[in-house]
Amino acid sequence: MDAPFFHELRRQASSYLTGKIRSARLVLTDVTPTQLMTEEATNGDASLPNAKTMSLIAREAFEIDEYLRISDILHTR
């Protein structure tokens with residue numbers, strides 16, 4: 001099996017499964033999309049989150065419910 005093909009297939013499968021897990025968390029738990037974005041932005045990865053994600057989180061922080069959820073995630077991290 002060609003190594004680049006395998007790595008691309010693995011990356012696509014990982015992306016697909018991550019999306020499905022994210023969708024399941026949204027449906028089955030009391031998690032909002034803003035909470036998921038905040039968790040992804042603060043996951044400890046060496047790369048910085050993109051500006052679009054950060055601006056969406058900042059915009060949602062003006063709503064009191066989302067602000068409390070965002071601050072709770074930031075506090076635990």
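Biologist: Which residue does Glu-40 meet in a salt bridge?
Modeller: A salt bridge joins a side-chain nitrogen of Lys or Arg to a carboxyl oxygen of Asp or Glu within 4 Å. For Glu-40 the N to O distance is 3.6 Å, and its partner is Arg-22.

Biologist: What pLDDT do side-chain atom pairs need in order to count?
Modeller: Residues are numbered from 1 along each chain as its sequence is written, and side-chain values use heavy atoms, without hydrogens and water. This is a predicted model, in which totals for chains, interfaces and linings use all residues, local features need pLDDT of at least 70, and side-chain atom pairs count only at pLDDT 80 or more.

Biologist: How many residues apart are Glu-40 and Arg-22?
Modeller: The salt bridge joins the side chains of Glu-40 and Arg-22. Glu-40 belongs to helix 2 (residues 33–41) and Arg-22 to helix 1, helices being DSSP runs of H or I with at least four residues, numbered from the N terminus. The bridge therefore links distant parts of the chain, and the separation is 18 residues.

Biologist: What is the relative accessibility of Arg-22?
Modeller: Residues count as buried under 20% relative accessible area, exposed over 50% and partly exposed in between (1.4 Å probe, protein chains only). Glu-40, at 44%, is partly exposed. Arg-22 is partly exposed as well, with a relative accessibility of 29%.

Biologist: With which residue does Glu-39 form a salt bridge?
Modeller: The closest N and O atoms of the bridge from Glu-39 to Arg-25 are 2.9 Å apart. Glu-39 is part of helix 2 and its partner part of helix 1, so the pair ties together parts that lie 14 residues apart in sequence.

Biologist: Where in the chain do Arg-11 and Glu-8 lie?
Modeller: The structure holds four salt bridges, and one of them joins the side chains of Arg-11 and Glu-8, with 2.6 Å from N to O. Arg-11 is partly exposed at 49% relative accessibility, and Glu-8 is partly exposed at 33%. The two residues are three places apart, about one helical turn, in helix 1 (residues 3–28).

Biologist: At what angle do helix 1 and helix 2 pack?
Modeller: Axes are lines fitted to C-alpha atoms over the stretch in contact, and angles between N-to-C directions run from 0 to 180 degrees. The axes of helix 1 and helix 2 are 10 Å apart, and the angle is about 135 degrees.

Biologist: Which residues of helix 4 meet helix 2?
Modeller: The axes of helix 2 and helix 4 come within 10 Å and cross at roughly 25 degrees. From helix 2, the residues taking part are Thr-34, Gln-35, Thr-38 and Glu-39. In helix 4 they meet Glu-66, Arg-69, Ile-70, Ile-73 and Leu-74.

Biologist: Against which helices do the buried residues of helix 2 pack?
Modeller: The buried residues of helix 2 are Thr-34, Gln-35, Leu-36, Met-37, Thr-38 and Ala-41. They pack against helix 1, helix 3 (51–60) and helix 4 (64–76).

Biologist: With which residues is Thr-34 in contact, leaving aside neighbours within four places in sequence?
Modeller: Thr-34 is found in helix 2. At 5% relative accessibility, Thr-34 counts as buried. Contact means heavy atoms within 4.5 Å. Beyond those neighbours, Thr-34 is in contact with Glu-60, Glu-66 and Ile-70.
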